[in-house]
Amino acid sequence: MRSLSYFCGQLWINVTRNFLMSAAAMSTAVISLLTLGVFLILVFNINKVSSEITSQLEISVFMNKDLPNFRVTQLVEKIRVLPHVRNIEYVPPETGIKKLEKDLKIRLILNPRDNPLPPKLVVRVTEPKHIRGTAEEIEEMEDVEDIIYGESVIQKVLAVSLAVKFIGFALTILMGLGTLFTIINTIRLTVIARRAEIRTMQLVGATSWFIRWPFLLEGMFFGMTGALISAAILGGGYWMAVARVRDILPFLFPMVDEWVMVRVLVVLLLLCGVFMGIAGSYISVTRFLEEEA
Amino acid sequence: MISFERVHLTYPNGVRALSDINLEFEKGEVVFLAGPSGCGKSSLMKLIYLDERPSRGRVMVMGKDTFDYPAHQVPYLRRKVGVVFQDFKLLPNKTVRENVSFVLEVTGASRYELERKIPQVLELVGLAGKVDVFPGSLSGGEVQRVAIARAIVNEPLILLADEPTGNLDPETSWDIVQLLLRIQMRGTTVVVASHDMATVDRVKKRKVRMEGGRITQDG
């Protein structure tokens, strides 16, 4: 307990009395974590957009124009029991033509009896990878006239989505390592600046761990403070960006929810900052102690 | 308390610092190592606080061969050996009190011990009024006293003082020597290295003269 209060006291003394060095270390932590944070925001949002696109993939099932209602209901029930079916939407011909007219912004028919569109079922599956198998099963069913699910588009979307996830993961690891090395080198400078102090500590009988602890706490402090400052800057910026995008695209909202993103930023940046601060201090001090031993 | 048996020390750069040293320091004894700069006094002291290990021969400290101290035990030996370094090694960003208390903190001393020992030791070295001053604001003699206070606060069995009177005027030098003798009176083995022959000759204690890494006179 005595040592803990001593180490905490030393942390405060070292940070305040070596203010310029501490400020440099903290600024480096902030800048490194800001870069990592921006990257995290991009990766999370690209993943969100990719998931949105894949989740909107659907199978259009066209039926005979004169199919009685009870047969439609039977078909819907048959499709509903298939594995991986998430939901089914019935689009009668009159709704279909209205949507088409709205999309094309022209009047296509005057009399409903002239409507050429067949009734349609829109089937959505739980995961995009199941769309092909489900479509093939539906195609075999009675009363199904035609089926469209854009196989080539789905394959491309799935490939792009997978690539985005993989590249995002790999780049996040690389960015994390870059941040780690930057923080290690900065903390190494603070250790070098205090090598005389470490040497004196060794000569008056301090154990290696007694020497390490204040530096580990300092590294943790720099990492934690850097993470909180970066999270505050990025969280605030993201909040404003989300509000702006909501104004511009109120119905088509492609961004990760601001609360979710802020929590992700705080947790991940804190974890990274604290881990990197401690690891940076440990590696720097241990290397120095080994040199002096 | 300390013995050197046919000790040689050669640094990795090839410089031979000590040759065939045979010495013995008794418990509670005070010994002055005298000789010109570079004669090996500091190297001899480094062998006692295990900053160096002999290239040949055997150094015994408190009844144990220094080679028998593994690296992780060295800090514990150093807590029993107080050292006044030639360059003081005071931490410039710590006050007098912090520089001294630091040695006690290292051993995990309680707050009570700190409160009791620090005023006592600062009183002993005559710095009771300078507890919150930083070393940069002290005179040469005062800095030397802080270094001595730090070396003895832990009540070491051995006190090594490397050139404690260097760069001090004769009067202050004599005060420092008297202070070291007072510490010896408490039962501490005191080894003082000095090139200040005038001060050394004034003290009627055992003197070991060194030259070129060898002992030329003992007694």
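Q: Two strands pair if DSSP finds at least two bridges between them; what makes strand β1 (residues 2-10) of chain B and β2(B) a case of this?

A: The model is predicted, by the way. In it, 6 bridges join β1(B) to β2(B), and the cut-off is at least two, so the two strands pair. They run antiparallel.

Q: Where does β2 stand in the open sheet of chain B, and what is the strand order?

A: The order is β2-β1-β4-β5 (chain B), 4 strands with antiparallel pairing. What makes β2 (16-25) and β5 (64-65) of chain B edge strands is that each pairs on one side only.

Q: How do you know which way β9 (residues 206-211) of chain B runs against strand β3 (residues 30-34) of chain B?

A: The 4 bridges joining them belong to strands that run parallel. B:V31 is the residue opposite B:R206 in β9(B). With strand β10 (residues 214-218) of chain B, β9(B) also has 4 bridges, but there the two run antiparallel. Here B:M210 faces B:I215 in β10(B).

Q: What do β9(B) and β10(B) form, and which residue in the turn has a positive phi?

A: They make a hairpin, with 2 residues between the strands. B:G212 is the one in the turn, with a phi of about 55 degrees.

Q: Why is helix α3 (residues 96-106) of chain B called mostly covered?

A: Count the buried residues: 9 of its 11 qualify. Buried takes 20 or more other C-beta atoms within 10 Å, so each of those residues reaches that number. Among them are B:V96, B:V100, B:F102 and B:L104, and B:N99, B:S101 and B:E105 are on the list too. After the helix comes B:G108, with a positive phi near 75 degrees.

Q: Which residues of the largest nonpolar core touch the most other members?

A: B:L33, B:I48, B:V100, B:A149 and B:L160, out of 95 residues. The largest share of this core comes from chain A, though: helix α8 (residues 208-248) gives 11 residues. As for B:A149, leaving out residues up to four places away in sequence, its partners are B:V100, B:V121, B:L122, B:V125 and B:L127. Another core lies apart, with 9 residues, including A:V123, A:V125, A:A135 and A:Y149. In soluble globular proteins, nonpolar side chains tend to be buried together.

Q: What is the strand order in the open sheet of chain A?

A: The 4 strands go β2-β3-β1-β4 (chain A), paired antiparallel. The edges are β2 (85-91) and β4 (144-148) of chain A, each pairing on one side only. On average, neighbouring strands of this sheet are turned by 20 degrees against each other, direction ignored. Helix α3 (residues 69-80) of chain A packs on the sheet and touches β1 (59-63), β2 and β3 of chain A; its direction makes about 165 degrees with that of β2(A).

Q: What makes β2(A) and strand β3 (residues 120-125) of chain A a pair?

A: They share 6 bridges in the antiparallel sense. At least two are needed, so they pair. A:Y90 stands opposite A:L121 in β3(A).

Q: How many residues of chain A are in contact with chain B?

A: 14 of them, against 15 residues of chain B. The elements giving two or more residues to that side of chain A are α1 (2-17) and α7 (195-203) of chain A. The largest share, 4 residues, is from α1(A). By type, the side of chain A that touches chain B has 6 nonpolar, 5 polar and 3 charged residues.

Note on methods:
Residues numbered from 1 in each chain as written. Chains lettered and ligands numbered in written order. Predicted model: local features only at pLDDT ≥ 70, side-chain atom pairs only at ≥ 80, totals over all residues. Axes fitted to C-alpha atoms, helices over the stretch in contact; angles between N-to-C directions. Contact = placed C-beta atoms within 7 Å. Nonpolar A, V, L, I, M, F, W, Y, C, P; charged D, E, K, R; others polar. Core = buried A, V, L, I, M, F, W, Y, C linked by C-beta atoms within 7 Å. Buried ≥ 20, exposed ≤ 12 C-beta atoms within 10 Å, placed from the backbone.
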